[in-house]
Amino acid sequence: EFSFWVQDPTINENAVNPNYEYSQNEVYIPWDTDLDDEVDEYNDDGAALMFNDWPIYFWDSGVGFHENLFKMAVNDENNWLVNIWSNSIKSKYYNDSGDQNYVDWANIAELYITVSSNGGDTWSEPIIMNAKTDDENFVSQFDGMHPAYVYCSDKIEDMGDDWGKVHLMFLDDNSYGSIIQGFGEDLGGTMNYAAIKIHFPPTGSEDPTIVPATAQLSQNYPNPFNPTTTIAYNVNQASNVKIDVYNVRGQFVTNLVNTHKDAGEHTIVWNGKDKNNQEVTSGVYYYKMKSGRYTSTKKMILLK
């Protein structure tokens, strides 16, 4: 069994208003993630850079036509929802584009899980699990596996105290992409059972402090910024804390925090430079905090 704690998500008032009509500029597009009607970032050739993702188990685009797979479990009594899918964007960056920064992800896909405790009005940040032993999202139960084709139970089991259990079956592929559309070796795989315990934070409370949390990541300030910005975060229990910065392609930019922190409020300043102490270009960046089972990602904008 795996156990996860899920932070109470931020509520978008428009998302919970059934009569709200979205305008054209409010529709998400991958080259304008902050909806300011401006392209977030251009490459050296002047082409717009887009935020990419690949929520499919295998990296090949043709295979994606056959392999797109999302599964959902529900608990109607508690208004709980769980959405589960595979993601191989990092594998695709290497196998499709030859990006050497992702060579270690050539044969690895990840499992993504998002959680809602209010019937889908708001969703948590994804819980990410993989079998890459040196990655922060490594799950020891997957060690040596190629988890694929996850099928969860239709119902979420209520375990009391806002905890639910999702039962699922998945294939441990004997090779990544085993005999998919001509890819991989014809080695088959082994069917496995797993149970995932997830905490569903209560909703509708006027006092968010009644929801205990191991950590809390705040929005950076100022935002947009030039050239520096401050990131505040809270640790409720002494633990190891890691905060990394990524660009819109999901590529690692720099590490800001990677050490043991005492309980309490902390801040860190990013000076707009990458891991090589070089100034980064204007655009959208993401900073991700991980502390124990808690993870959270937020967006920031550098304008020069």
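**The open sheet and the nonpolar residues**

Let me begin with an open sheet of 4 strands, ordered E13-E12-E15-E16 and paired antiparallel; strands here are DSSP runs of at least two residues, numbered from the N terminus, and two strands pair if DSSP finds at least two bridges between them. At its edges lie strand E13 (252–261) and strand E16 (294–302), each pairing on one side only. From one strand to the next, the twist averages 15°, with axes fitted as lines to C-alpha atoms and angles taken from 0 to 180 degrees between N-to-C directions.

A word on the basis: this is a predicted model, in which local features need pLDDT of at least 70 and side-chain atom pairs count only at pLDDT 80 or more, while totals for chains, interfaces and linings use all residues. Residues are numbered from 1 along each chain as its sequence is written, and side-chain values use heavy atoms, leaving out hydrogens and water.

Within the sheet, strand E12 (residues 239–247) is joined to the antiparallel E13 by 8 bridges. Val241 stands opposite Thr259 in E13.

I turn now to the cores. A nonpolar core is a set of buried Ala, Val, Leu, Ile, Met, Phe, Trp, Tyr and Cys residues joined through side-chain atoms within 4.5 Å; buried means under 20% relative accessible area, exposed over 50%, and partly exposed in between, with a 1.4 Å probe and protein chains only. The largest core has 23 residues, of which Val82, Ile84, Ile113, Met129, Phe142 and Leu168 touch the most other members. Apart from it lies another core of 19 residues, including Tyr233 and Trp270.

Finally, Met191 lies in strand E9 and is exposed, with a relative accessible area of 52%.
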